Amino acid sequence: MLDDSSVGMKMDKKEKVWLDGRLIGIDEAKVSILSYGLHYGWGIYEGLRAYDTNKGRAVFRLKDHMARFLDSARFMQLDVPYSIDELCDAVKEVCRSNGPQADYVRPLAYYGENGELGLSAVNVPTHVAIMTIHMGAYIRGGAPGASLVTSSWEKPSNRATSLTAKVCGNYVNSILAKKEAMRQGADEALMLNHSGSVAEASAENVFMVRHGKIITPGLAEGILEGVTRDTVMQLARELDIEVVERNITRGELIIADEVFLTGTAAELHPVRSLDGIPIGKDVPGPVTARLRDMYAKATCGEMTQFSDWVDLIDEKPARRRKK
Ligand SMILES: Cc1ncc(COP(=O)(O)O)c(C=O)c1O
């Protein structure tokens with residue numbers, strides 16, 4: 001069993017990886033040094049979480065994540081030779097095999113090798129891997145709520161790449177921002193876009209509560225269309241709280257009543273400060289706390305109106321064949 005005290009994620013060497021349709025040991029899962037995925041970040045990935053529910057262990061919003069996986073692959077022109085149902089089955093298979101400590105799932109599709117190098121590569125095989133790790137809490141600052149610092153690195157615009165696709169290479173920018181925040185002793189980086197508006201954090205979407213509304217940047221601001229973002233927007237509407245998508249300035253975040261982050265890894269995480277300035281009165285604020293409770297219930301299948309968000313891993317599918 002791995003503990004939660006370390007920074008980052010750890011993989012148990014005994015765990016299995018699903019690679020190109022086969023469940024194999026991690027040490028057997030090798031990548032060629034000539035892989036385009038390695039040289040150019042030519043790949044796409046997903047991140048999902050598994051939770052305990054009263055009906056057994058389940059993956060949260062499995063189909064939505066795998067739909068985004070296939071959309072990201074389409075954007076990067078990666079030919080993933082599996083249907084969404086096959087990919088969902090594979091995620092469950094890996095979770096079943098790796099047991100309850102596997103709380104985070106990482107599907108990855110990348111361009112392999114063809115004996116050449118260069119950006120015009122054609123006829124290169126796409127490899128698909130699905131692995132799990134034990135993650136526990138992703139933001140582990142210890143204090144209630146995350147401290148954010150504004151990154152000096154700008155979020156790339158939608159004219160530079162697609163931010164709605166989860167492209168491996170896009171994450172160089174997130175790594176620069178996260179490392180910079182960590183050097184400053186903060187938990188997360190707030191990233192502004194080319195016009196100076198709030199985009200998102202290094203791996204989370206950003207929300208603020210102001211004048212009784214929940215406000216979050218729209219897709220044009222250069223954000224990932226987060227599955228957790230969508231979950232929280234639907235939960236807020238259940239509470240009859242108005243949700244607005246519009247651009248947000250850094251100054252507005254500082255004077256917001258509440259700010260929180262959403263992401264599969266971070267879940268719904270309150271923000272306590274931005275650039276050293278405390279935000280709101282309480283951490284978490286009342287709206288954040290209510291939504292966080294609802295989110296925890298939803299992930300454990302306790303909200304019957306959203307029971308289709310929860311996919312039991314022990315529900316074995318009828319066997320389907322590769323396309
Ligand atoms: C850049 C970025 N923004 C936002 C998110 C949150 O997305 P989701 O809620 O789908 O995990 C992530 C996590 O994948 C991310 O990497």
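1. pLDDT is the predictor's confidence in each residue, from 0 to 100, and that's the place to start, since this is a predicted model. The protein chain averages a pLDDT of 93, with 93% of the residues scoring at least 70. The part to watch is residues 1-7, where pLDDT stays under 50. The model still has 15 contacts beyond four places in sequence for that stretch. I'd keep in mind that where pLDDT is low, the predicted coordinates should not be read in detail.

2. How much area do domain 1 and domain 2 bury between them? About 1800 Å², and 61% of it is on carbon and sulfur atoms. Over in domain 1, the residues that lose the most area to domain 2 are Tyr-45, Phe-60 and Arg-68, which together make up 32% of what that side buries.

3. Now the polar side of that interface. There are 11 residue pairs in polar contact between domain 1 and domain 2, counting pairs with both residues at pLDDT 80 or more.

4. Salt bridges next. The whole structure has 15, while the count between domain 1 and domain 2 is 1. Arg-61 pairs with Asp-230 in a salt bridge, with the closest N and O atoms 2.8 Å apart. Another to look at is Glu-46 with Arg-68, where the closest N and O atoms are 2.6 Å apart. Glu-46 sits in the loop between strand 3 and strand 4 and Arg-68 in helix 2, so this pair ties together parts that are 22 residues apart in sequence. Arg-68 also turned up in point 3, among the residues of domain 1 that lose the most area to domain 2.

5. Two backbone details to check by eye. Most residues other than glycine have a negative phi, and most peptide bonds are trans. Glu-267, in strand 15 (residues 267-274), has a positive phi of about 60 degrees although it is not a glycine. A cis peptide bond joins Val-283 and Pro-284, with omega about -5 degrees. Pro-284 belongs to the loop between strand 16 (277-278) and helix 7 (286-299).

Methods: Residues numbered from 1 in each chain as written. Predicted model: local features only at pLDDT ≥ 70, side-chain atom pairs only at ≥ 80, totals over all residues. Heavy atoms only, no water. Buried area = accessible area lost by both parts, 1.4 Å probe. Salt bridge = Lys/Arg side-chain N within 4 Å of Asp/Glu carboxyl O. Polar contact = N/O pair within 3.5 Å; in protein donor to acceptor, adjacent residues only side chain to side chain. Contact = heavy atoms within 4.5 Å. Helix = DSSP H or I, 4+ residues; strand = E, 2+ residues; numbered from the N terminus.
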